[in-house]
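Please keep the sequence and the 3D view at hand while reading.

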Amino acid sequence: MDRSNRGLSLILCASWMTLAGTSLGQRASNWRVYTTMDGLPEPSCISVNVTPHGKVLATHLNKLFVTELDGYSVRILRMPETGGTRVYASPGGQLWAPSQNGLLEFRDGAWISHVVPAITASFSQSARRPMEMPLVPIRQGLVLALLPDQLMEYDTEEPDHPATTVLRRATQLQLGAFSGLCPAHDGGLWLAGDRGLAKVPPPLGNVKPDSSWVQYLAPAALQIDHLQDPHEDSSGMVTAIAEDSGNRQRAIVTFNGERWTRQDVGAEKIRHAWSGPDQTHWAASIDSLFQWREGEPGLSENEEVSARQYYDLAIQPDGIFWLATSEGLFRYAPPAWRSPRSLLSLHSLVRCLDRDGSDAIWFVSGACLHRLHGAEHQAYSFPRGFRRELETARKLFCVNEGLVLVETENRLFQFDAGKGAFAPIRARDGGAGFRILGAYQDGQACLQELDGSATNQPYRLKIYDGAKFLPLPAAPLEPVLGSSLSAFYRTRSGDFWLAGASGAALYHEGKWKTFVSSDETTPTTVLEFTELADGRIWCATDDKIWDFDGRNWSPVEAGFDRVNDLVKAHDGTIWVGANSGIYRFTNGTWVQNGIDEGLPMSAVREVCEDLRGRIWAGTTRGLSCFDPNAPDTDHDPPRTRIRPLRDDQKNIPEGGTITL
């Protein structure tokens, strides 16, 4: 290797290591659009489908191609000389598509045409297009096809002698003509007809002509018919399009297994309707996209995306959906961070945050102490005499359900939800007040009782359970950490950690060991401690995360723009709230989230985990929640492009630099 290339290699390696250390979020919106810049042969997509393995199949308006996206690469296959169809995939990856003469199968790199007389006759007798015939591939060589008069099975297990079996005729059910088909989340199958829905239980591979179907006819009071385009969401609710039996206008109907509902849409010619992943309902006509929530009077047009034509829809099992449009392939996923509906109007600074034993979230914002339990939100106004003081609260601790400690700069208050009353907690023996240092255990807080006169006395450390004070079971510690402590932490083994402006102290086997230095080799003004699975201790200071391995301290990560909180989740993930966003450390990598990932503001003041494993972030503009059990909202890789270097950049001298 010559000297110039060696220098370039070193710089590239350093750049890659830097990028691997902190992974930044990629999303700027709930939407992402795929066009020719992403490898599509043309932007206009007339159909879209999601395979059982999560790949996306799209066909195009003007070019005879099917495009397959797997999240990282794009594969383009030429279609036969028949356009305007949708492509389906079996669990094994076998591709099928309907055609005017029957079915198309992609095998060994080529499309094979299967002539199916029943399908040919159906298209010749009506103006239906192939895309209007739903398919459900079951396994290799076996596919279901829906015609207005029958649900049929096509079996190519013996390629030279394919077999066609009628599984159910329209005359055998009370639905009228068949119009739609969709797999159910439990492995069964939904079938839509003129007058309602029918379902066959799983598994689909065992559906036979004598299988039992359960019918759900739409109530006559709804005055609807011609149901079509059914879609089931993760809760089991089916959404479909229908027509008013009187004025023939379109309507949206839902069925949850027991109850039917109807949503009128006026003169809008809705072609698709579905339920999204964040309890938002959606609908699309040929030229408009709409959304609405339960209880809202009507549809509102979505203005986040704009396309001249909306052609097709595909929904993933987790509710994330794709739209085939004239402008490209649009993908919708909810943001990683979302504010509860009951708090959408709250835009003020969240100062303190904690949860109680009932999994209710408590926080201070504005002139109120707030409680959020599920969808229920309550706000308790501060009493007039203490309002100014409580509005600047510094820390909050839930002693038990309905009993909350609130620390201000001058004193400690206790709120009793049963009485709806705030009361100051007065120090005894001439004390000047209390500071909340941390949790001794669930329902018990470790407090420092401040002494306004003595400056050289040992720290006065108390355990408080909402009713009584007990001394911390540890030897006295002289005030070597500063007069006012900042944090307390109890490890799994029962050791205690304390921190103040000058350093930290560990109580182990009946003795205190202090870590105080003037050369920045130990942390000072620690905000929070936490313990890793291997017993190491991490702590947060203003701009660093530190690690204690049992003997020495060392910085883990630096350069934060003012750290405000540190939390370890039950799954071992470390969360850091800072003025520049919220950071999580998982699998050896730091990932930063901010406004692009859904936070109302980047500055995160407080972090809390609830009993369900959800992470809550209190920001300078409201409260937001990250749900690790929700659909992953960022499967997409970063958009990566390789651009050639200019001639004057191709030879880099040793010691030179190149910016990536």
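R139 has L142, in strand 12, as its bridge partner. The model is predicted. The points below turn to the hairpin around this pair, and then to backbone geometry in loops.

**Strands 11 and 12**

- Strand 11 spans residues 135-139 and is mostly covered, with four of its five residues buried.
- Strand 12, residues 142-147, pairs with strand 11 in the antiparallel sense over four bridges.
- The two strands form a hairpin with two residues between them.
- G141 lies in the turn of this hairpin and has a positive phi of about 80°.

**A cis peptide bond**

- Most peptide bonds are trans.
- The bond from P202 to P203, however, is cis, and its omega is near -5°.
- P203 belongs to the loop that runs between strand 17 (196-200) and strand 18 (214-217).

**Positive phi at residues other than glycine**

- Most residues other than glycine have a negative phi.
- Q223 is not a glycine, yet its phi is positive, at about 55°.
- The loop between strand 18 and strand 19 (224-232) holds Q223.
- With a relative accessible area of 48%, Q223 is partly exposed.
- E520 likewise is not a glycine and has a positive phi, of about 60°.
- E520 is located in the loop between strand 46 (511-516) and strand 47 (528-531).
- E520 has a relative accessible area of 66% and is therefore classed as exposed, the cut-off being over 50%.

Methods:
Residues numbered from 1 in each chain as written. Predicted model: local features only at pLDDT ≥ 70, side-chain atom pairs only at ≥ 80, totals over all residues. Heavy atoms only, no water. Buried < 20%, exposed > 50% of the residue type's maximum accessible area, 1.4 Å probe, protein only. Pairing = 2+ DSSP bridges.
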